[in-house]
Amino acid sequence: MAETSSTEAVEPPASRQPWHKTISPRVFWPSAVIIVGFVLVTVLFPTAVGDAISAVQDAVIGTFSWYYMLIVSMFVLFALWIGLSHFGDIKLGPDEEGPEFGLRSWFSMLFAAGMGIGLVFWGVAEPLNHFAGVPNRATGIQGGTEQGAQDSILQTFLHWGLHPWAIYVVVGVAIAYAIHRKNRPVSIRYALEALIGRRVKGWIGDVIDIAAICGTLFGVATSLGLGVMQVAAGLDFLGIVSDPDNMTYVVLIGAITTAAVVSVVTGLKRGIRWLSNINMGLATALLLFVLIAGPTLFLFRELVQSIGDYFQNLLRMSFNTTAYAGEEGTAWQGSWTTFYWGWWISWAPFVGVFIARISRGRTVREFVAGVLLVPTAVTFLWFTVFGGSALYRELFGQGGLITTDETGTATVDTNGALFGLLDGLPAGTFMVVGAVILIVLFFVTSSDSGSLVVDMLASGGNPDPPTWSRVFWGVMEGAVAIALLLAGGLSALQLVAILIALPFSVVMLGMCVSIWREFRAERATMLRIQRRMQRDALTEHVSRSLIDEGLVEPNGDADASGRQREETRSS
């Protein structure tokens, strides 16, 4: 049975508490200083910070790309193991309690928070980039051929399939077990309690939470930077703005961050929940429109074929480090797989805490199935519809989504690829407007969810943190996104995601060990209780049989049965 501790649980702060008593000072202030310091230095010296970020690119990617590939594949195996084994029966909450949220709201919130804005940004752009050979063809994908198009979809499936969601499973299960099963505060540190013991309350625990806060801020800021670049491209496409620059990005981030702050102030069960459901409705409408207006029969055939190719090649692709491609292989990894694995890991504290917070009452098996399998299936459908439609247009249609520069090198307008695809379909302009609205809403959902999670961590694990600090962290997310865009745009966003993930990946490995210890201990306790109950039931059955056969007097049976039960318990 699970351990509970009322002394560990965090009570909501009193409504009249001073503001400085509503935070965890050893976590809040160091995190705030790091984030504010980074923003100030980057805004004042954007070129110098951009050069510094680029200077560590080759060292980090060249040195650790194999490490990212290895551990993320390990996380997939670990997630499947805990979901399919007998540990899957463990409840993430009290045994008698049902799920807090229904399936529809649960899926909407975890999907919108998990990668909604990334799907919209990369849905068309990534398969086209692989097909065009951007930045190079280190993976051997051939351009201009049917096989090259299929391989482009396959590579995209790897980046958005089981691997990223397995990362979220590891962090989410560890945190959900700690806060819902053991009544611990909402904090990353308690996910490692079985590994480091009472030291979670000391400086080691503080460092873990500080790393999680910084990782979350930079990870979410990366997504917000991508999103605002695509919003600006959409406005440019519609003629609302012309040639968007950094000032356009700053204004857009400011406006959308304001909306996110309003949403996060309303709380989890109102603003965030409503926006997540609206997001899923709009995303579904856009998906169905492209599916129906595009090459429908081809897309269904491509979906089935690509899923088969994915599982056939999953092992090979999961460990492909492009080792023999030299510098081109290193550059490719930094642009794609290593970037993605770093991005997902940097998002893991935020998404892990958030989906743990909304998953109270579900079993480990339900959690793994919901977080790992269902979003993966939806993701495959999304990239097949959008990426497949774009590749079909390049191979069999009018083309135009892949162009060439002055040197004849193939290029893709990554920010505007979605709008170019939609413009070629019926009612294209109307759908571009809808896509921009969808991106903005995903932007808001990611930001407000991230703000809520960071605030919970910085407030000592309080699941309902104060409003003022929600506003503070929401503003900080927008400020970090602005700073990274000023420091180098998309390349700076990608590099920081890879860098910030490195320390937290070590924390995730510790979480795997901690989960195994916690689950093994609970399973052993449950088995002992079951065996004891079975022995008591067997003793009662034998005693009743002896009475029925007249071999034992009822009074004697009661005494004998009582002695047997005492001996059984003592043994």
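For the first entry I take axes to be lines fitted to C-alpha atoms, for helices over the stretch in contact, with angles running from 0 to 180 degrees between N-to-C directions. The model I am reading is a predicted one.

Helix packing. I looked up helix α11 (residues 296-318) against helix α14 (residues 364-396), and found their axes 9 Å apart at an angle of about 120°, with α11 passing α14 in a right-handed crossing. On the α11 side I noted F298, L299, E302, L303, I307 and Y310 in the contact, and on the α14 side F380, L381, T384, V385, G388, S389 and Y392. Sorted by class, this contact has 9 nonpolar, 3 polar and 1 charged residues.

Salt bridges. I counted a pair when a side-chain nitrogen of Lys or Arg lies within 4 Å of a carboxyl oxygen of Asp or Glu, and by this rule the count comes to 10. One pair I followed up is K182 with E518, whose closest N and O atoms are 3.2 Å apart. Because K182 lies in the loop between α6 (162-181) and α7 (193-196) while E518 belongs to helix α18 (residues 489-548), the pair ties together parts that are 336 residues apart in sequence.

Surface. I recorded a nonpolar patch of about 470 Å², made by V36, L40, V41, L44 and F45; of these, I placed F45 in the loop between α1 (25-44) and α2 (46-55).

Backbone. I noted a cis peptide bond between V134 and P135, with omega about 0°, and located P135 in the loop between α4 (103-132) and α5 (146-160). I also noted D243, a residue other than glycine with a positive phi, near 50°, in the loop between α8 (203-237) and α9 (246-266).

Conventions:
Residues are numbered from 1 along each chain as its sequence is written. This is a predicted model: local features need pLDDT of at least 70, side-chain atom pairs count only at pLDDT 80 or more; totals for chains, interfaces and linings use all residues. Side-chain values use heavy atoms; hydrogens and water are left out. Patches are made of residues with over 30% relative accessible area and no salt bridge: like charges are joined within 9 Å, nonpolar side chains (Val, Leu, Ile, Met, Phe, Trp, Tyr) within 5 Å. Accessible areas come from the Shrake-Rupley method with a 1.4 Å probe; for residues, only the protein chains shown count as cover. Helices (H or I, at least four residues) and strands (E, at least two) are DSSP runs, numbered from the N terminus. A crossing is left-handed if the near helix is turned anticlockwise from the far one by less than a right angle, and right-handed if clockwise. Contact means heavy atoms within 4.5 Å. Ala, Val, Leu, Ile, Met, Phe, Trp, Tyr, Cys and Pro count as nonpolar, Asp, Glu, Lys and Arg as charged, and the others, Gly among them, as polar.
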